[in-house]
Amino acid sequence: MSEFHRNPSNYGYDELVEDCLQVIRKYPFVEGYVIGHTVLGRPILALKCGNGERRVHMNGGCHANEWMTSALLMRYVEDWASACNGDDWLSGESASRLYKEVTLWAVPMLNPDGVELAVRGIRPDHPFYSQLLQWNNGSEQFDQWKANARGVDLNDQFPAHWDEECRRRGRFGPGPRDYPGPYPLSEPEALALANMTNSLEFDTVIALHTQGEEIYWNYRNYEPEQSEKLANRLGRASGYKPVKLSGSDAGYKDWFIQRYRRPGFTVEAGLGANPLPAEQFDSIYRALQPLLTEGMRLHR
């Protein structure tokens, strides 16, 4: 595996692609897919591991300045694949048993265009150079950028009370964050994830964000009765706090819960200010690995 285990700083799209290729080469039972393309034409990659009836989805890199979630999810997929390959254990769970029970579909970096801006900044040859500078208030510093290349916040893009989220945000044009776009699923990244979800009809989803060490598990009472109990299990596994959230709409987890009435979770990993420093990667992962493993066995 690449060096991101020890030094995940500047973990951009090229690093993600290389890590995906390495995992697929090293563990032939892990399959790679392209679920769509970004505004700038970058393939959005998904990894599939496991052959069980339960379909679990995890994603990271939705918000550009939360790029650490991409490295964290890649680390988890690799660790699980390694444990399966060696008939080993992962967070106290038999990896091969999980492999037989669950099929994991992971999208480690939903927003590659935005992550590249946050990690590497902007250059004059960027196709949207002048627009992005304008949307970023004239600054060439993009480390706080959350949106995609069109200045749309992908986690405000889903058709779950989207109009109310627009009114709450009060953002009516592209910018670094909080602009829900001109209409739901206007952005190819959000549409790709929605299409994938509708095609595979996951049993459970976990969307990784930073930061706060919290687990959001509800949405406007659309969630199934057991969701709070399941969130408490995730909390016990990680030390994170399950939170009943209100005043937020149009997120991926919100839409999944509303559409499918199945358990969905947003996990805010780590503590601090985004982007979290790379030095926190190992300590964050120590809490996250058992949480994600518990997320794959919530059906038991």
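The lining of the largest pocket consists of three nonpolar, 13 polar and twelve charged residues. In this count Ala, Val, Leu, Ile, Met, Phe, Trp, Tyr, Cys and Pro are nonpolar, Asp, Glu, Lys and Arg are charged, and the others, Gly among them, are polar. The model is predicted, so local features need pLDDT of at least 70 and side-chain atom pairs count only at pLDDT 80 or more, while totals for chains, interfaces and linings use all residues. Residues are numbered from 1 along each chain as its sequence is written, and side-chain values use heavy atoms, with hydrogens and water left out.

**Pockets**

The volume of the largest pocket is about 490 Å³. Among the 28 residues that line this pocket, His 63, Lys 146, Asn 155, Arg 169 and Glu 268 are the closest to its centre. The elements α6 (162-169), α9 and β10 each give two or more residues to the lining, and α9 gives the most, with three residues. Helices (H or I, at least four residues) and strands (E, at least two) are DSSP runs, numbered from the N terminus.

The second largest pocket holds about 230 Å³ of space. Its lining includes Leu 40, Arg 42, Asp 113, Glu 116 and Arg 120, and it divides into four nonpolar, two polar and six charged residues.

A pocket is an open set of points, on a 1 Å grid over the protein atoms alone, where a 1.4 Å probe fits, with protein on both sides within 12 Å along at least five of seven lines; lining residues have an atom within 4 Å of a point. Grid points are joined across faces, edges and corners, and a volume is the space filled by probe spheres set on the points.

**Backbone geometry**

Most residues other than glycine have a negative phi, and most peptide bonds are trans. The peptide bond from Thr 210 to Gln 211 is cis, with omega near 15 degrees. Gln 211 belongs to the loop between β7 (204-209) and β8 (214-216). Glu 213 is in the loop between β7 and β8, and its phi is positive, near 55 degrees.

A cis peptide bond also joins Asn 274 and Pro 275, where omega is about -5 degrees. Pro 275 is placed in the loop between β10 (264-268) and α10 (281-296). Arg 261, which is not a glycine, has a positive phi of about 55 degrees and lies in the loop between α9 (252-260) and β10.

**Accessibility and cysteines**

The table gives relative accessible areas, where buried means under 20%, exposed over 50%, and partly exposed in between (1.4 Å probe, protein chains only).

| Residue | Relative accessible area | Class |
|---|---|---|
| Glu 213 | 31% | partly exposed |
| Arg 261 | 45% | partly exposed |
| Arg 97 | 42% | partly exposed |
| Cys 20 | 4% | buried |
| Cys 62 | 3% | buried |

Arg 97 is part of helix α3 (residues 95-101). Arg 97 and Gly 52 are 45 residues apart in sequence, yet their C-alpha atoms are 9.3 Å apart in space.

How many disulfides does the structure hold? There are zero disulfides, a disulfide being a pair of cysteine sulfur atoms within 2.5 Å. The cysteine sulfur closest to that of Cys 20 belongs to Cys 49 and is 13 Å away, too far for a bond. For Cys 62, the closest cysteine sulfur is in Cys 166, at 15 Å, and is likewise too far for a bond.
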